[in-house]
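Biologist: Happy to have you here! Could you walk me through this one and tell me what stands behind the words you use?

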Amino acid sequence: MSSAYIKGMICILTAQNPKSFEDGGNVVIDNAWLSQSNSKNYHHFFPKAYMKKNQLQIEEDLVNHIANITIVDGYLNKNVIKAKAPSAYMKDCKEKNHELEKTMKTHLIDDIDNFGIWDNDYKLFMKKRIKKIQEQLKERLIKRAYDEH
């Protein structure tokens with residue numbers, strides 16, 4: 001969290017006005033929470049405990065990569081998602097939130113059927129999510145003449 005790059009990425013994630021996976025309601029974001037690396041607002045889309053439990057051989061740096069982080073409410077993170085596979089908790093959310101596709105766009109996940117979520121495909125998820133984050137970065141960069149060279 002001390003990295004300027006990560007702080008910038010958190011700003012991009014919060015600028016999307018993230019909605020709750022469960023009901024599409026606004027996620028309450030508290031700046032004091034966001035300054036802590038263990039914030040209850042930070043959710044590993046592929047939970048660390050799930051990754052470890054299923055012995056998915058992903059380096060810890062990749063598990064903690066900013067592209068695996070979404071902004072959610074603390075209740076959802078700690079009481080609903082826990083160490084579940086994305087396919088499991090997203091299935092539950094899809095049953096409750098009939099606008100889940102729209103909701104997930106606020107998390108830079110624009111096509112839940114093609115992001116590897118239902119297959120628990122971490123590598124595909126990361127590839128797609130990084131691309132969405134890169135698009136947001138490009139939109140926000142102030143281009144100067146020397147950037148074109």
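Biologist: Why is isoleucine 12 called buried?

Modeller: Its relative accessibility is 5%, and buried means under 20% relative accessible area, with over 50% exposed and partly exposed in between (1.4 Å probe, protein chains only); therefore isoleucine 12 counts as buried. Please keep in mind that this is a predicted model, where local features need pLDDT of at least 70, side-chain atom pairs count only at pLDDT 80 or more, and totals for chains, interfaces and linings use all residues. Residues are numbered from 1 along each chain as its sequence is written, and side-chain values use heavy atoms, leaving out hydrogens and water.

Biologist: Thanks! Where is isoleucine 12 placed, and what is it in contact with beyond its neighbours within four places in sequence?

Modeller: Isoleucine 12 sits in helix H1, residues 4-15; helices are DSSP runs of H or I with at least four residues, strands are E runs of at least two, and both are numbered from the N terminus. With those sequence neighbours set aside, isoleucine 12 contacts Leu108, Gln136, Leu137 and Arg140, contact being heavy atoms within 4.5 Å.

Biologist: How far apart are isoleucine 12 and glutamine 136?

Modeller: In sequence, 124 residues separate them, yet C-alpha to C-alpha they are 7.2 Å apart.

Biologist: What does methionine 104 touch?

Modeller: Not counting residues up to four places away in sequence, methionine 104 touches Phe21, Phe45, Met90, Ile109 and Ile112.

Biologist: And how much of the protein is made up of buried residues?

Modeller: They make up 41% of the 149 residues, in a protein with eight helices and two strands.
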